[in-house]
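Me: I want to learn how to read the features of a model like this one. Please give me the general idea each time, then the case at hand.

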Amino acid sequence: MSGEVQMAPSGSIWKNAVQISAGQFHNGKYATDLMVRWVDGELTLYTYVGAGTFGAENRLLAPIDTWKNATLLTSGNFSGKANWDVLVRWVDGELDTYVATSTAGLGAETRMRDPNDLWKHDLVDGRAY
């Protein structure tokens, strides 16, 4: 691991970021973007993030109660399009993807799973086994 680069000081606005997902949402070559869900339900996309800079900030959604119910936010190139997709698990177990999300906004919503009890209990576990 190389030297640490502090992106924001302790106690900054970033204490209100509840979910962060890295991805490639600007039709570029590398995954240098961050999608952030804030405690108030706002969704922000930062493109061209690098050491010491958050790049360009793009608001995808103004604060909205619906997005307070997102319990998992991740991204990947699930659709094969140039821009990556966002996968969201909601508090009721519903799974949705937003295909080809970009600085212009969330991509088209596609339901992957209806609300269900099984998916309400999945966990992200960062432990090495």
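Me: Which residue is the bridge partner of L45 in β4?

Reply: The partner is N58. Before going on: this is a predicted model, in which local features need pLDDT of at least 70 and side-chain atom pairs count only at pLDDT 80 or more, while totals for chains, interfaces and linings use all residues. Residues are numbered from 1 along each chain as its sequence is written, and side-chain values use heavy atoms, with hydrogens and water left out.

Me: In which sense do β3 and β4 pair, and over how many bridges?

Reply: Strands of a sheet pair through backbone hydrogen bonds, either parallel or antiparallel. Strands are DSSP runs (E, at least two residues), as are helices (H or I, at least four), numbered from the N terminus. Two strands count as paired if DSSP finds at least two bridges between them. Here β3 and β4 (residues 56-61) are antiparallel, with 5 bridges.

Me: What joins β2 to β3?

Reply: 4 bridges join β2 (residues 33-38) to β3, again running antiparallel. L45 is involved here as well, as the bridge partner of M35. The two strands make a hairpin with 4 residues between them, and in the turn G41 has a positive phi of about 90 degrees.

Me: In what order do the 4 strands of this open sheet come?

Reply: The order is β1-β2-β3-β4, with antiparallel pairing. β1 and β4 each have a single partner strand, so they stand at the edges and one side of each is left without a neighbour in the sheet. From one strand to the next, the twist averages 20 degrees. Such angles run from 0 to 180 degrees between N-to-C directions, with axes as lines fitted to C-alpha atoms (for helices, over the stretch in contact).

Me: What is the strand order in the other open sheet?

Reply: That sheet also has 4 strands, in the order β5-β6-β7-β8, and its pairing is antiparallel. Its edge strands are β5 (70-76) and β8 (108-113), each pairing on one side only.

Me: How many residues of β3 are buried?

Reply: Buried means under 20% relative accessible area, exposed over 50%, and partly exposed in between (1.4 Å probe, protein chains only). In β3, 5 of 5 residues are buried. Both faces are covered, with L43, L45 and T47 on one side and T44 and Y46 on the other. The value for Y46 is 8% relative accessibility, so it counts as buried.

Me: How many aromatic pairs are there?

Reply: Rings of Phe, Tyr and Trp (its six-membered ring) pair if their centres lie within 6.5 Å; planes under 30 degrees apart are stacked, over 60 edge-to-face, and the rest tilted. The count here is 6 pairs. One of them is W14 with Y46, tilted, at 5.5 Å centre to centre and 45 degrees between the planes. It links distant parts of the chain: W14 lies in the segment before β1 (17-23) and Y46 in β3 (residues 43-47), 32 residues apart. The rings of Y46 and F54 have centres 5.8 Å apart and planes at 55 degrees, so this pair is tilted too. W14, W38, Y46 and F54 make up one aromatic cluster.

Me: What does V36 touch?

Reply: Contact means heavy atoms within 4.5 Å. Leaving aside residues up to four places away in sequence, V36 touches W14, A17, Q19, I20, E42, L43, T44 and Y46. V36 belongs to β2 and has 0% relative accessibility, so it is buried.

Me: Which residues form the largest nonpolar core?

Reply: A nonpolar core is a set of buried Ala, Val, Leu, Ile, Met, Phe, Trp, Tyr and Cys residues joined through side-chain atoms within 4.5 Å. The largest has 12 residues: F25, M35, L43, L45, L60, W67, A70, L73, V86, V88, W90 and Y98. β3, β5 and β6 each supply at least two of its residues, and β6 gives the most, with 3. Apart from this core lies another of 8 residues, among them W14, L34, V36 and F54.
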